[in-house]
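Subject: Structure for your files

Hello,

Here is the structure I said I would pass on. Please keep it with the sequence; my notes come after it.

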Amino acid sequence: MKATRVYLVMEGAGALIFSMIFAASSLYQVSQAHLTALQLVLVGTVLEASIFLFEVPTGVVADVYSRRASVIVGYFLIGAGFILEGSIAWFWTILLAQVLWGLGYTFTSGAAQAWITDELGEEQAGKVFLRASQVGNLTSLVGVGLGTLLANIRLNLAIQLGGVLLMGMGLFLMAAMSEHGFQPKPKAERGNWEAMWRTFQGGLSMVRRRPALGTILWIGFIYGLYSEGFDRLWVKHMMEGYALPTWWGMTAVTWNGVVRMGGMLISVAAAEVVRRRLDTTRHTVIVRALGLFTIILIGGLGLFALGSSLVGMLAALWLISAARSIIGPLYTTWVNQRLDSSVRATVLSMSSQVDALGQIAGGPVVGMIGSTLSVRAALAASAGLLTPVLGLLRRAERYPDEPVTPAG
């Protein structure tokens, strides 16, 4: 199977499975595990702390051994984490599941993007990232519908089945995923910690030699800083801060599905416009697009936090969904520009690590605000935490598209 097709299947099927799980997981944590606002955020903080600890080591493994093997191991670990979470509705068990999920995620993040970039080249990879985002949004519609159906039968069913399907994804990739563009370290060096340390140092050297990359990573940190509070608290706020109508017997599970599916449809359309109109090989184009969609994201966060009407809530959540679905692949493309293949997965893992560090720093603060003041105040604080990105983007726009010499 061609690399592009494998990547699109991986991203599309993964989006379907994750959206099926997420259609139930937040509600499961609120209504079945009975987690408080602070506990909800701490669940996310443990996940991000696991990502922070494991991200660069697993990225180095992908650069030294195999991107393919790293991705496959990751899917098995993530699947195990969700099976555990869906089986026991207990705070401490859910925390342990986050560690498994976080470890598995670090094996896939960076490695998957590095794999497809090495197989296709940087210019084609940028287009594939946006196409994968569209495919993922479309398949997520199916996943949300399926997850909503399963959650109305039994709230943890979608989580458990999702874990099993993620393990099945690992089996599919074992059969379908080839690796031709990556050259692993010689066998004599693979078990050599000195070789792995040199790879890590090469990633740091790449950051030092690309002034823009340091600013990019700071922007990634702030994207992480705001996101943890929103991701963990939006469902709780929707359920408790808005009067959800019970039209035709609609439940909170069904409203959750409506919000997610509407956001995905809007995101697909927005991503298509961006894919057709933006030249993702140009540094300044990416920076300006990120600035525009960050402004939209901040506005949506503020409206959701402070609004009270059902129409305003839907508009805010759909704006947030569309903006985030575009910011993600654009940011990945930006980080990925002109990286040496020998350290590509390591540097991409660094970008995920700073995002995780931001979530670790911002999550507990927002959770404490939610517990001591209100969830509305916590979500408004999340919007405020995002605003420094705009200043950093203005600074990044001044950097030229500097050439990069290979890492030594």
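Predicted model: local features only at pLDDT ≥ 70, side-chain atom pairs only at ≥ 80, totals over all residues.

Helix pair. Helix α11 (residues 252-277) and helix α13 (residues 310-336) have axes that come within 8 Å and cross at roughly 45 degrees. The two helices are therefore oblique to each other, and α11 passes α13 in a right-handed crossing. On the α11 side the contact includes Trp-255, Val-258, Val-259, Gly-262, Gly-263 and Ile-266. On the α13 side, Leu-310, Met-313, Leu-314, Leu-317 and Trp-318 are among the residues that take part. Sorted by class, the contact has 15 nonpolar and 5 polar residues, with no charged ones.

Core. The largest nonpolar core has 106 residues. Those with the most contacts inside this core are Tyr-7, Leu-173, Tyr-223, Leu-233, Phe-304, Met-313 and Trp-334. Phe-304 touches Met-313 and Leu-317, and its other partners include Phe-230, Trp-234, His-237, Tyr-242 and Arg-376; residues up to four places away in sequence are not counted.

Loop. His-34 lies in the loop between α1 (3-32) and α2 (37-64). His-34 is not a glycine, yet has a positive phi of about 55 degrees. Is His-34 buried or exposed? With a relative accessible area of 57%, His-34 is over the 50% cut-off and therefore counts as exposed.

Regards

Terms used:
Residues numbered from 1 in each chain as written. Heavy atoms only, no water. Axes fitted to C-alpha atoms, helices over the stretch in contact; angles between N-to-C directions. Helix = DSSP H or I, 4+ residues; strand = E, 2+ residues; numbered from the N terminus. Parallel < 35°, antiparallel > 145°, perpendicular 65-115°, else oblique. Left-handed = near helix turned anticlockwise from the far one by under 90°. Contact = heavy atoms within 4.5 Å. Nonpolar A, V, L, I, M, F, W, Y, C, P; charged D, E, K, R; others polar. Core = buried A, V, L, I, M, F, W, Y, C linked by side-chain atoms within 4.5 Å. Buried < 20%, exposed > 50% of the residue type's maximum accessible area, 1.4 Å probe, protein only.
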